[in-house]
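Please look over the sequence and the structure shown here before reading the notes that come after them.

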Amino acid sequence: MMIQDPEVQLIVSIAATLEERYAKKKLHWRESPFQWMVVGLPPATKGKVGETLVARWCTHKGFAVTKPGDSDADLMISGKRVEVKLSTLWEGGVFKFQQFRDQDYDYGICLGISPHDVQCWVIPKEVLLEMAPPQHGGRRGSDTRWLSFPASDPPAWLDHYGGRLSEVYKIIGTW
């Protein structure tokens with residue numbers, strides 16, 4: 001459809017000059033099988049996608065997966081209560097796993113999605129709450145924690161909790 005209004009045409013031409021500046025931020029996702037996850041999904045939906053990816057991967061690997069029956073954990077995997085957090089790769093090459101709370105779960109699973117890679121960590125809740133700083137400042141922010149780190153250089157303390165999916169498989173297999 002051809003735009004007739006000259007003022008709308010002007011805005012379209014201005015927008016075209018801006019598109020490159022903003023669209024190139026997502027260029028590294030263009031050829032990714034995960035592109036659909038970073039373009040247009042709201043955060044809550046991304047979280048649900050992460051939970052579903054972990055649940056189906058675990059089921060495929062032979063682990064028993066169910067819902068816990070309450071909202072304090074996302075999944076029950078091999079009898080353990082698990083909170084799942086997803087981060088797609090942020091600009092600057094970092095993962096940010098957000099909104100960890102001190103609720104009734106045994107492990108936090110951090111699933112990090114890059115354009116052509118997946119990293120994962122299974123972290124005991126006690127370690128997670130000790131190592132993850134508060135997400136927000138002030139009294140109100142003290143109930144949520146987050147992990148933020150370069151995907152190419154996770155902190156050394158995470159070495160014990162996975163990194164590669166094959167390592168996470170071994171960890172869950174010990175439950």
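This is a predicted model: local features need pLDDT of at least 70, side-chain atom pairs count only at pLDDT 80 or more; totals for chains, interfaces and linings use all residues.

Residues are numbered from 1 along each chain as its sequence is written, and side-chain values use heavy atoms, with hydrogens and water left out.

**Salt bridges**

- The count comes to eight salt bridges, where a salt bridge is a side-chain nitrogen of Lys or Arg within 4 Å of a carboxyl oxygen of Asp or Glu.
- Asp117 and Arg164 meet through their side chains in a salt bridge of 2.7 Å, N to O; Asp117 lies in strand β6 (residues 117-124) and Arg164 in the loop between β8 (162-163) and α5 (165-173), so the pair ties together parts that are 47 residues apart in sequence.
- Helices (H or I, at least four residues) and strands (E, at least two) are DSSP runs, numbered from the N terminus.
- Arg101 forms a salt bridge with Asp143, with 3.8 Å between the closest N and O atoms; because Arg101 lies in the loop between β4 (94-100) and β5 (107-114) and Asp143 in the loop between α4 (125-131) and β7 (145-150), this pair ties together parts that are 42 residues apart in sequence.
- Within helix α3, Glu51 and Lys48 lie three residues apart, about one turn of the helix, and their side chains meet in a salt bridge (3.4 Å, N to O).
- Glu51 counts as buried at 9% relative accessibility, whereas Lys48 is partly exposed at 45%; buried means under 20% relative accessible area, exposed over 50%, and partly exposed in between (1.4 Å probe, protein chains only).
- Salt bridges that share partners join Lys48, Glu51 and Lys67 into one network.

**A buried lysine**

- Lys46 is placed in helix α3 (residues 43-60), and it is buried yet has no salt bridge, the nearest side chain of opposite charge being Glu91, 12 Å away; Lys and Arg count as positive and Asp and Glu as negative, with His and the chain ends not counted.
- Apart from its neighbours within four places in sequence, Lys46 is in contact (heavy atoms within 4.5 Å) with Met37, Val38, Leu41, Leu86 and Thr88.

**Cysteines**

- A search of the whole structure finds zero disulfides, a disulfide being a pair of cysteine sulfur atoms within 2.5 Å.
- Cys58 is in no disulfide, and the nearest cysteine sulfur, that of Cys120, is 7.9 Å away; Cys58 is buried, with a relative accessible area of 0%.
- Cys120 is likewise in no disulfide, and the nearest cysteine sulfur, that of Cys110, is 7.7 Å away; Cys120 counts as buried at 3% relative accessibility.
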